[in-house]
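Visitor: I would like a close look at one part of this model. Please keep to what can be computed from the atoms.

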Amino acid sequence: MSAAPVHHTPVSHLERVEAPGSMLTKTAAKALAVLRFATGSVFLWAFLDKTFGLGYATPSAKAWINGGSPTKGFLSSVDVGPFQSTFHSMAGTWWANWLFMLGMLGVGLALVAGVGLRIAAASGTLIMAMMWLAEFPIAQHTATGTASGSTNPLTDYHLIYAVVLVVLAAAYAGHTWGLGRRWAKLPFVQRHRWLI
């Protein structure tokens, strides 16, 4: 009785992972691509609304291109947690505005295009961690003693976005309906795998 032949799925030397469909079903890979695009659009929308004042969270008069500050309103209104004074001092500074906006744009574009997902995951997680600290959902009360309105002291949308970013990068979600495969084949990306 001979043993059945073992079929090994070829592993790409670049990625060191099995192709979607063997590790993930094709449906799961497509679902991750939709999640990648949707999450990217959240970051891009925040950038566009704050830059141009599209009238949703940011009125036109407070748009960045009209002299408004993308960070002043949010950071100056922080009224919970141990970092209130730190966030108040950062509110509206040129460097906080630029870092926040470049982060939102970079993470959004990377996700929508499906490239640089490792950098996007690290950067986006840092942005979400800072925003989590600013809203500090652990606090039951604000600095004035009123209820903070926190609905969950640990798992809020900032944590969910951060986890989504890590999952998208770990699952090579840019390879399906994105430019991830082409990006990964570029010589400078092959030499610097952290750019995948």
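What relative accessibility does Trp64 have, and as what does it count?

Guide: Trp64 has 21% relative accessibility, so it counts as partly exposed. Buried means under 20% relative accessible area, exposed over 50%, and partly exposed in between (1.4 Å probe, protein chains only). The model is predicted: local features need pLDDT of at least 70, side-chain atom pairs count only at pLDDT 80 or more, and totals for chains, interfaces and linings use all residues. Residues are numbered from 1 along each chain as its sequence is written, and side-chain values use heavy atoms, leaving out hydrogens and water.

Next, the ring pairs. Rings of Phe, Tyr and Trp (the six-membered ring of Trp) pair if their centres lie within 6.5 Å; planes under 30 degrees apart are stacked, over 60 edge-to-face, and the rest tilted. The count by this rule is 6 aromatic pairs. One of these is Phe43 with Tyr161, edge-to-face at 6.4 Å centre to centre and 65 degrees between the planes. This pair links distant parts of the chain, since Phe43 is in helix 1 and Tyr161 in helix 6 (residues 157-170), 118 residues apart. Helices are DSSP runs of H or I with at least four residues, numbered from the N terminus. Phe43 is buried, with a relative accessible area of 1%, whereas Tyr161 is partly exposed at 25%. Trp64 pairs with Trp98: the ring centres are 4.9 Å apart and the planes at 65 degrees, so this pair is edge-to-face. Trp98 counts as partly exposed because its relative accessibility is 47%. Phe43 also belongs to one aromatic cluster with Tyr157 and Tyr161.

Tyr56 lies in the loop between helix 1 (26-52) and helix 2 (72-76). At 65% relative accessibility, Tyr56 counts as exposed. Trp45, Leu48, Phe52, Leu54, Tyr56 and Ile65 make a nonpolar surface patch of about 640 Å². Such patches take residues with over 30% relative accessible area and no salt bridge, joining nonpolar side chains (Val, Leu, Ile, Met, Phe, Trp, Tyr) within 5 Å and like charges within 9 Å. Areas come from the Shrake-Rupley method with a 1.4 Å probe.

Asp49, in helix 1, is in contact (heavy atoms within 4.5 Å) with Leu54, Gly55, Tyr56, Ala57 and Thr58, leaving aside its neighbours within four places in sequence.

Notes: Salt bridge = Lys/Arg side-chain N within 4 Å of Asp/Glu carboxyl O. Helix = DSSP H or I, 4+ residues; strand = E, 2+ residues; numbered from the N terminus.
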